[in-house]
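Trainee: I am new to this structure and should be grateful for a close look at a single part of it. Please begin with whatever term I shall need, and then show me what surrounds that part.

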There are 2 protein chains.
Amino acid sequence: MDTVDKLSRYAEKIGSEVRICGVPKTIDNDLAITDHTPGYGSAAKFVANTVRQLALDTAVYKMKSVIVLEIMGRNAGWLTAAAALGNDEDVLATDIICLPERVFEPEKFLEKVSKNAEKGIAPIIAISEGIKGADGKYIGESLSLKEANDGFAHAALGGVGRIVENLISEKLKIKTRTIELSTLQRCFSQGASECDREEAYQAGVKSVEFAEKGETGFMPCFKRISDEPYKMEIVPYPVSKIANLEKVVPDSMIGEDNMSITDEFIKYGRPLIEGEPELTYEKGILKFVRR
Amino acid sequence: MDTVDKLSRYAEKIGSEVRICGVPKTIDNDLAITDHTPGYGSAAKFVANTVRQLALDTAVYKMKSVIVLEIMGRNAGWLTAAAALGNDEDVLATDIICLPERVFEPEKFLEKVSKNAEKGIAPIIAISEGIKGADGKYIGESLSLKEANDGFAHAALGGVGRIVENLISEKLKIKTRTIELSTLQRCFSQGASECDREEAYQAGVKSVEFAEKGETGFMPCFKRISDEPYKMEIVPYPVSKIANLEKVVPDSMIGEDNMSITDEFIKYGRPLIEGEPELTYEKGILKFVRR
């Protein structure tokens, strides 16, 4: 977006009629001004349904166990928050959701994990890869927690998920497994969101229309009109006011215990994961259009 | 199946009319006699399409990189072999597939990884969790390879995938990422196989029919009539001849270099992943029938 800004100013300066715009895409959902970004809805849906299915898988065993699910998002917890969308009246899949927006407090965390395991509820613990300790350092790089685990720093192998896994299994003696969703989050199309797919397409269409009308140096922004029924419009917005800003999950969407999600987030996220695109398979294998 | 065997013999001995049968299910596909097992087709399809999508995701970056994909299967490589089903004329996603049926040879392995990376092809390296070294020990537990990595054994964190990742990144200086499919392989229903779903159902239906006719102590076995068009029938088979046996991937399905898959496996696996079941979503979230 910074480059879009510079290029469009240069084009204007030299009197060029070339229009420059930046059509956004990021599963991180961390761009300012726009309500959300193309890509987020599908990744959020992948996370939500993964959490849900893992919880049901876990529920068939009698033995108490938890899964630490490591989710992308270095500084913004939008994708990790989406784990909460996997819950409904049938299934409480997760209610420990740790975002980078809050300091990770091992003792309070272990207390809640222990309580849930006692009750046999919410076996999935959603952890953002970017959670930080009280010292402001990423837990994935925080020596103190690793040392607390077993007296030795395993910096080379395993990320924050493994560290949290060790914390739980050693302090609480609960069977713990880490699953790192890794790049599956951004490329898995089975179970994508039709809302997202259509909006991504419209972001491109609208951008061309705005450019044809003379707009330049803009990003097409999603402006939400209402949650239910979900209504959204696309408006151009000066990219200079968006570039280099990062939008994190606001306080109002994070629970008071600093490791859960409020209904405000659910209202926000729910419409973005609705609908299922039709996919093309050939002999069981997904076919994609390629350049 | 061993319990089914014992129970049915006991029922016969005491003259009971209770019929006992063992309807199989395992994503490992390692049961003897039956052509394949319910569950395998869907898990195989998940692996195939995951490999395919990860390869396309990797292809958008100019930097050479590989993904080590750790797949379930402690002693039988059926599910790992399914990675090859993600290839077609459009996409060569993987052609290094390491099964527990063959000794893992680090030097030959690194040579092939290096060659593929040079050519920029087949970025996904499919590794069974159960691969073993020349000493017959699981690589995941093999101290020698871990020491070769960095002089220290990281037994606590990370499985075989991380060990192979370290091997590649340290010896070849290629950017490497490990993805462990973990329990997603057995519970992810988006992109499941309709062939598998229907056959699993039929295995149950047929078992009841066989039992009604007086059969006992049996497992319903899938008997393949033809590959193309795919035809299969279900027959009862004495469970005493199946219990405690393990079916591994036969030599004819493994390539001469000991780290690839032959066309014979493709012919075997292809029909099992065909068709897509209709799933029920409510507001973007999968709904399941629960007891």
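Mentor: Two strands are said to pair if DSSP finds at least two bridges between them. Please keep in mind throughout that this is a predicted model.

In chain B, four strands make up an open sheet whose order is 2-3-1-4, with parallel pairing. Strand 2 (96-98) and strand 4 (175-180) of chain B are the edge strands, each pairing on one side only. Direction ignored, neighbouring strands of this sheet are turned against each other by 20° on average. In general terms, strands of a sheet pair through backbone hydrogen bonds, either parallel or antiparallel.

Helix 4 (residues 106-119) of chain B lies across strand 1 (65-71), strand 2 and strand 3 of chain B, and runs at about 155° to strand 2 of chain B. Helix 6 (residues 160-172) of chain B also packs on the sheet, where it touches strand 1, strand 3 and strand 4 of chain B. The direction of helix 6 of chain B makes about 175° with that of strand 4 of chain B.

Let us turn to the other chain. Chain A has an open sheet of four strands in the order 2-3-1-4, with parallel pairing. There, strand 1 (residues 65-71) and strand 4 of chain A pair in the parallel sense over six bridges, and Leu69(A) stands opposite Ile179(A) in strand 4 of chain A. Helix 6 of chain A lies across strand 1, strand 3 and strand 4 of chain A.

How are the two chains related? The same surface serves both copies, since 98% of the contact residues of chain A recur in chain B.

The contact between the chains takes 44 residues from chain A and 43 residues from chain B. Elements of chain A that give two or more residues to this contact include helix 6 (160-172) and strand 4 (175-180). Helix 2 of chain A gives the most, with nine residues. By class, the side of chain A that touches chain B has 15 nonpolar, 14 polar and 15 charged residues.

Chain A is itself divided into domain 1 (2-40 + 192-246 + 271-286) and domain 2 (41-187). The C-alpha centres of these domains of chain A lie 31 Å apart, and their contact takes 13 residues from domain 1 and 15 residues from domain 2.

Finally, a word on confidence. The model scores ipTM 0.92 and pTM 0.94. Chain A averages a pLDDT of 92, and 94% of its residues score at least 70. Over residues 148-157 of chain A, however, pLDDT stays under 50. Where pLDDT is low, the predicted coordinates should not be read in detail.

Methods:
Residues numbered from 1 in each chain as written. Chains lettered and ligands numbered in written order. Predicted model: local features only at pLDDT ≥ 70, side-chain atom pairs only at ≥ 80, totals over all residues. Contact = placed C-beta atoms within 7 Å. Nonpolar A, V, L, I, M, F, W, Y, C, P; charged D, E, K, R; others polar. Domains from an automatic or database assignment. Axes fitted to C-alpha atoms, helices over the stretch in contact; angles between N-to-C directions. pLDDT = per-residue confidence, 0-100.
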